[in-house]
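Please open the model in your viewer and keep the sequence beside it, as this tour goes from one selection to the next.

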Amino acid sequence: ASGYEVRFMNGDTIEKQFTVGNYKTGAKTFNDIPADANYKVQVRSYKKVAGVGVFYSAWSTPKYVNL
């Protein structure tokens with residue numbers, strides 16, 4: 001994998017989606033997600049292939065978190 005995409009969803013609405021480009025050392029911190037909110041979180045990997053494009057896996061099974 002070249003990296004990962006992560007999305008936070010409220011129901012079926014995407015609230016935040018971001019890319020972690022370096023799968024070995026990537027990290028992301030959010031300061032603007034409301035506290036006391038329930039989110040569905042999903043992750044998928046992607047692979048960049050030079051001269052061809054970007055390929056994505058399916059989204060993971062959702063995990064539910066309460067912030």
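A residue is called buried when its relative accessible area is under 20%. Keep in mind as you go that this is a predicted model, in which the mean pLDDT is 85 and 90% of the residues reach 70 or more.

Select F8 to begin: with a relative accessible area of 13%, which is under 20%, F8 is buried.

How many aromatic pairs does a search of the whole structure find? The search finds three, and F8 and F18 form a stacked one, with 6.4 Å from centre to centre and 25° between the planes. Because F8 lies in strand β1 and F18 in strand β2, this pair ties together parts that are 10 residues apart in sequence.

With F8, F18 and Y39 all shown, you are looking at a cluster linked by ring pairs.

Now move to E5, which is in strand β1, residues 3-10, and which counts as buried at 10% relative accessibility. Show R44 too, and look for the polar contact of 2.7 Å that joins the side chains of E5 and R44. Beyond its neighbours within four places in sequence, E5 is in contact with several residues, including F18, Y46 and W59.

Finish by selecting R7 and W59, where the charged end of R7 sits over the ring of W59, 4.0 Å from its centre.

Technical notes: Residues numbered from 1 in each chain as written. Predicted model: local features only at pLDDT ≥ 70, side-chain atom pairs only at ≥ 80, totals over all residues. Heavy atoms only, no water. pLDDT = per-residue confidence, 0-100. Helix = DSSP H or I, 4+ residues; strand = E, 2+ residues; numbered from the N terminus. Buried < 20%, exposed > 50% of the residue type's maximum accessible area, 1.4 Å probe, protein only. Polar contact = N/O pair within 3.5 Å; in protein donor to acceptor, adjacent residues only side chain to side chain. Contact = heavy atoms within 4.5 Å. Phe/Tyr/Trp six-rings, centres within 6.5 Å; stacked < 30°, edge-to-face > 60°. Lys NZ or Arg CZ within 6 Å of the ring centre and 35° of its normal.
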